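Me: I would like a close look at a single part of this structure. Please keep it brisk and start from one residue.

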Amino acid sequence: MSSISNKSMKTTFTAILINAKDRIIDEIQYTDYKDIQKLIGCDCFTTGHSFDNNDTLYVDDEGLINGTTHGFYFNGRLLAGNGLVCGANDVGENADVKHRIGQIENMVQFLPYGDELNTTIMEQSAKLYFLA
């Protein structure tokens, strides 16, 4: 009888949390998609950005329509709510994030204090409308 060793299977993974509400970027540990939902603060999350090294930024899929008031720019793109950068291996299984906090900090710009997400979205929409 053969057995498969679970010794090499990791159960917790390192990720980088972009906490837009508290304006903090920090390394955290997570175990599964339920932790991702809790950390981001949502029921349904989606890919906000895919990196070439298999890291992925996850964000609230409904952040722009559920009343979320905080957000951040990621490489110039406005995203609602919090974000979580998670790693994956070459076959898509969970792995530790490869990026370092400093690298992510260079890609993130929090909304200015006092700005709410809805106001920022309306201002951007007006600019796009008048440019068209």
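Which residues does leucine 57 touch, not counting residues up to four places away in sequence?

Reply: Start with the setting. This is a predicted model. The chain has three helices and nine strands. Along the sequence they run β-β-α-β-β-β-β-β-β-α-β-α. Of the 132 residues in the chain, 39% are buried.

Now to leucine 57. This residue sits in strand 4, which covers residues 56–60. Leucine 57 has a relative accessible area of 0%. The cut-off for buried is under 20%, so leucine 57 counts as buried.

Here are its contacts. Leaving out residues up to four places away in sequence, leucine 57 touches Ile18, Thr46, Thr47, Gly48, His49, Phe51, Phe72, Phe74, Leu79, Gly83, Leu84 and Val85. Take Ile18 from that list. Leucine 57 and isoleucine 18 are 39 residues apart in sequence. In space, their C-alpha atoms are 9.4 Å apart. Contacts across the sequence also show up in the chain as a whole. Among contacts with a separation of 6 or more, 56% join residues 24 or more positions apart.

Isoleucine 18 leads us to strand 1, residues 13–19. Seven of the seven residues in this strand are buried, so strand 1 is largely enclosed by the rest of the structure. Look at its two faces. One side carries Phe13, Ala15, Leu17 and Asn19, and the other carries Thr14, Ile16 and Ile18. Both faces are covered.

Next, the partners of strand 1. Strand 2, residues 24–30, pairs with strand 1 in the antiparallel sense over seven bridges. Isoleucine 18 has isoleucine 25 as its bridge partner in strand 2. The two strands form a hairpin, with four residues between them. In that turn, arginine 23 has a positive phi of about 60°.

Strand 7, residues 83–88, also pairs with strand 1 in the antiparallel sense, over three bridges. Here isoleucine 16 stands opposite valine 85.

Begin at leucine 57 in strand 4. Then cross from isoleucine 18 to isoleucine 25 in strand 2.

Definitions and conventions:
Residues numbered from 1 in each chain as written. Predicted model: local features only at pLDDT ≥ 70, side-chain atom pairs only at ≥ 80, totals over all residues. Heavy atoms only, no water. Buried < 20%, exposed > 50% of the residue type's maximum accessible area, 1.4 Å probe, protein only. Contact = heavy atoms within 4.5 Å. Pairing = 2+ DSSP bridges.
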